[in-house]
Amino acid sequence: MSSLYFIGIGGTAMASVAVALSHLGHAITGSDTGLYPPMSTYLDEHHIRYFSGFSADNLQSVKPDMVVVGNAVSRGNEELEYALNEKMELVAMPDLVRRELIGKNTSIVVAGTHGKTTTTSIVAWLLESGGLRPGFLVGGIPENFGIGCRPSGRSDEGFFVSEGDEYDTAFFDKRSKFMLYRPDIAIINNIEFDHADIFSSLEEIKRSFRLLVNLIPSNGALIVNGDDPVAMEVSSKALCRVETFGLTDGCDWTAQNIRVEENGSSFDLYYKGGFERRFNAPLFGSYNILNTLASIAVATLSGMTLEMTAEGLREFLRPKRRMETVGTYEGNITVIEDFAHHPTAIRVTLEAIKERWPERRIITCFEARSNTTTRNIFQKELAECFGPADIVVLGKVHRPERYGPEGSLDTARLKKELEEQGKTVFLGGSDPKNYPADIVGFLESCRKKDDVVLMLTNGSFAGLKTALTESFQKKR
């Protein structure tokens, strides 16, 4: 076994892969800045040693056999510069996953702009519940497993399920990560413009997905969202078996008679026009029905019966930070956390919340943090995606200095446009020293019985969750 050093170990996938490889016997160390839960907690629980901050001294003290470079690491990083100067062996995380974890297993890759983490979690759990003991890499922590990555539990004819991110691989490899996972079975859930820091247009994103489709062997399979015209377009020249899923007639896998219940949703499953059986899923929202349909299709291709998938689905638990209930507080106030940051993801998440609690007021706290939402690319779309929210709290834009006043998201303009829709809007961060306490103070002043407070961020929101729940507990 070898010693591996992860530059940028705090990333969700990086931390998960580091832990999985430590369980295989590799000696793991790493470094990162600004580590926060759940990944800092995850590393600590698995006794992974890491340095806070980047320094050449870290690498000098560890002397690893190989340096794993996260895709957020760029030239100028002190540890990367040291590794290059000393001619240390470098490897990108997706390449390491392919070598050490996927290997000769059947590779199942879940791709798409939205829904990857939940769908990957469902597929992995369905295979696990069917006794197939899959390995997996999920861009989050699936509650059924408590870990984000693990090797296959079978010595032969095993399965490995990967969340296939279209983001680039490393500073020295600009291919989308999913290209390195070599899919035998792939899901394409949906395709929209995102990742404005590496893609200049939707056409560039479509090109990456076409390359993914072209990698699937002729004896493999592609499961594609038949309701998404862009996904169908990039799949049109697939040389493998293709099956579609969706909520409209004409898709191979469809859900009908969808009913929202207290603990989830139920629906009738149809395959190629024929009724199969009723399913119960502990999930809300039409987008999660689509995630479930794709997962059922993959499970059946992997050899499971529909009865087995139905039984497994009933026991599925959502990944952390995907419509995760943080707690219920005095006055029946429910606090939810979700990873949504793209306008489409925000819209469908809010629709699912409204579907779940149609009579309750929704307060939405949104932090613009991703490399796309911090720019003004989605200025118009963000003004149109908060429909079900009664009150919107806008956090500070993360590092707006990168794009200047002409290129950054204009939250003051967004506030005005949302207020014109009749919403109450609070703009946080006017006093940086009082952030996010200013948000907590605003919510304390306006909260009412039965409110649902939804936090949307792909980061830490400056510790808002902790500050907010502590405040609510004190009030109680």
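**Helix packing, backbone and a pocket**

Author: In this predicted model, Arg-133 lies in the loop between H6 and strand S7 (135–137).

Reader: What is the phi of Arg-133 near?

Author: Most residues other than glycine have a negative phi. Arg-133 is not a glycine, yet its phi is positive, near 45 degrees.

Reader: At which residues is there a cis peptide bond, and what is its omega?

Author: Most peptide bonds are trans. Tyr-435 and Pro-436 are joined in cis, with an omega of about 5 degrees.

Reader: Helices H6 and H9 pack at what angle, and are they parallel or oblique?

Author: The axes of H6 and H9 lie 9 Å apart, at an angle of about 40 degrees. Angles under 35 degrees count as roughly parallel. The angle therefore makes H6 and H9 oblique.

Reader: Which residues of H9 meet H6, and how many residues of that contact are charged?

Author: The crossing of H6 and H9 is right-handed. From H6, the contact involves Thr-118, Thr-119, Ile-122, Val-123, Leu-126 and Leu-127; from H9, it involves Asn-288, Asn-291, Thr-292, Ser-295, Ile-296, Val-298 and Ala-299. By class, the contact of H6 with H9 has seven nonpolar residues, six polar and no charged.

Reader: How does helix H9 pack on H10, oblique or antiparallel?

Author: Helix H9 (residues 286–301) has its axis 10 Å from that of H10, and the angle is about 135 degrees. Angles over 145 degrees count as roughly antiparallel.

Reader: Which residues form the contact of H9 with H10, and what is the handedness of the crossing?

Author: Thr-292, Ile-296, Ala-299 and Thr-300 of H9 meet Leu-306, Thr-309 and Leu-313 of H10. Four of the residues in this contact are nonpolar, three are polar and none is charged. The crossing of H9 and H10 is right-handed.

Reader: At roughly what angle do the axes of H6 and H10 cross, and which residues make the contact?

Author: Helix H6 (residues 116–129) and helix H10 (residues 306–314) have axes that come within 9 Å and cross at roughly 115 degrees. H6 passes H10 in a right-handed crossing. The contact has five nonpolar, three polar and no charged residues. These are Ile-122, Trp-125, Leu-126 and Ser-129 of H6, with Met-308, Thr-309, Gly-312 and Leu-313 of H10.

Reader: Which residues are closest to the centre of the second largest pocket?

Author: The second largest pocket has a volume of about 280 Å³. Its lining divides into five nonpolar, five polar and five charged residues. Of the 15 lining residues, the closest to the centre are Tyr-36, Pro-37, Pro-38, Glu-337 and Lys-465.

Terms used:
Residues numbered from 1 in each chain as written. Predicted model: local features only at pLDDT ≥ 70, side-chain atom pairs only at ≥ 80, totals over all residues. Heavy atoms only, no water. Axes fitted to C-alpha atoms, helices over the stretch in contact; angles between N-to-C directions. Helix = DSSP H or I, 4+ residues; strand = E, 2+ residues; numbered from the N terminus. Left-handed = near helix turned anticlockwise from the far one by under 90°. Contact = heavy atoms within 4.5 Å. Nonpolar A, V, L, I, M, F, W, Y, C, P; charged D, E, K, R; others polar. 1 Å grid on protein atoms, 1.4 Å probe; cavity = no way out; pocket = protein on both sides within 12 Å on 5 of 7 lines; lining within 4 Å. Points joined across faces, edges and corners; volume = space filled by probe spheres on them. Parallel < 35°, antiparallel > 145°, perpendicular 65-115°, else oblique.
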